[in-house]
Amino acid sequence: MSLKKNLQSLSNKVSLLSPWEGIALLSDLFPKKVVFSTSLGQEDQVITHMIAEKNLPVEIFTLDTGRLFPETLDLLARTENRYKTKIKVYYPERESVENLVDTIGINGFYESIENRKSCCHVRKVEPLKRALSSKSVWITGLRAEQSSNRGAMNKIDWDEDNQIIKYNPLLDWTYEQMIDYIKENNIPYNPLHDKNFISIGCAPCTRAILPGEDPRAGRWWWEESKKECGLHGGKSESLDTRLKIQDTRAINNISSGFQPKDQVI
């Protein structure tokens, strides 16, 4: 039976499971074929904690685009040290980056949406395809509250671009749930979050947001288009007929302060 034909059965099985139980089930059903992509954001740190604490046989990887914040790279090292685990790092192809910069310039992504998407493709989409190659299940930290596009997803989806099952265990978690979990478990996180950087990507493409702004407003802040880079905004086939939903504006008081316990380094 093809992976795609397993979707309904898998959806039924994980629907009543906790996030870590769902990950454990999938790792049992697809041994050595389950991977988790972390951007080291708050959601991803929650999932990394679950995988490490439960000793789940899931490969964790991240994408280093070459334009990340120093704080993000520091968090990568702190996370590996905290959980005594290795996070595999995928980099963009050297020749592709050189051709990109030769064509659009070092910061040419500011000049047009096409340039920006080309940059995202070289630095993120292509390395992701390599990371997912030959795998069966891709675990992500997506939450429905993050954007209308993500709100239309299901916990179990089929990613057509990468021909892989996508599992979004935190899809129905609220921002408050996530923060509470981080506090309770003293999970290391990016200090930029304390400066109102909610969604953190490449340094040139990310800014802090204002209280009441959409969580994705700080990403590609000079654009008015849909705030996706191509990793999760491509073709996707869900299990059910999807309804049009309104953007969730759940974070109305970001600047109220979130100060977990001292970080374990």
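**Entry 1: the ring of W220.** I began at W220 and found that R116 lies over the face of its ring, at 4.4 Å from the ring centre. R219 also lies over the face of W220, in this case at 4.7 Å from the ring centre. I note here that I am working with a predicted model, and that these values are computed from it.

**Entry 2: R219.** I then followed R219 itself, which is found in the loop between α8 (residues 175–185) and β7 (residues 236–237). Is R219 buried or exposed? I have it at 7% relative accessibility, and because the cut-off for buried is under 20%, R219 counts as buried. Looking for what its side chain meets, I found a polar contact with the side chain of S199 at 2.7 Å. R219 and S199 are 20 residues apart along the chain, and I have their C-alpha atoms separated by 6.9 Å.

**Entry 3: aromatic pairs.** I searched the whole structure for aromatic pairs, and the search found 8. I looked up F61 and Y90, whose ring centres are 5.6 Å apart and whose planes stand at 80°, so I record the pair as edge-to-face. What does this pair tie together? F61 lies in strand β2 (residues 59–63) and Y90 in strand β3 (residues 88–90), so the pair ties together parts that are 29 residues apart in sequence. F61 counts as buried at 1% relative accessibility, and Y90 likewise counts as buried, at 13%.

I went on to W221 and W222, which also form an edge-to-face pair, with 5.0 Å from centre to centre and 80° between the planes. W221 counts as partly exposed at 36% relative accessibility, and W222 counts as partly exposed at 22%.

Entry 4: I next examined helix α5, which runs over residues 94–104, and found V97, L100 and I104 buried in it. They cover an arc of only 60° around the axis, which puts them on the same side of α5. I keep in mind that an α-helix has 3.6 residues a turn, so residues three or four places apart point the same way. Which residues are exposed on the other side of α5? There I listed R94, E95, D102 and T103 as exposed. Checking what the buried residues of α5 pack against, I found α6 (residues 113–132). Just after α5, I noted that G105 takes a positive phi of about 95°.

**Entry 5: the whole chain.** Of the 265 residues in the chain, buried residues make up 51%. Among contacts between residues at least 6 apart in sequence, I have 73% joining residues at least 24 apart.

**Entry 6: confidence.** Finally I looked up the pLDDT, for which the mean of the chain is 86, with 82% of the residues reaching 70 or more. Over residues 234–265 the pLDDT is below 50, although this stretch has 70 contacts in the model beyond near neighbours in sequence. I therefore treat the placement of this stretch with caution, because pLDDT is the predictor's confidence in each residue.

Methods
Residues are numbered from 1 along each chain as its sequence is written. Side-chain values use heavy atoms; hydrogens and water are left out. pLDDT is the predictor's confidence in each residue, from 0 to 100. Contact means heavy atoms within 4.5 Å. Rings of Phe, Tyr and Trp (its six-membered ring) pair if their centres lie within 6.5 Å; planes under 30 degrees apart count as stacked, over 60 as edge-to-face and the rest as tilted. Helices (H or I, at least four residues) and strands (E, at least two) are DSSP runs, numbered from the N terminus. Buried means under 20% relative accessible area, exposed over 50%, partly exposed in between (1.4 Å probe, protein chains only). A charge sits over a ring if NZ of Lys or CZ of Arg is within 6 Å of the ring centre and within 35 degrees of the ring normal. The arc is that of the directions from the helix axis to the C-beta atoms. A polar contact is a pair of N or O atoms within 3.5 Å; within protein, one must be able to donate a hydrogen and the other to accept it, and residues adjacent in sequence count only if both atoms are side-chain atoms.
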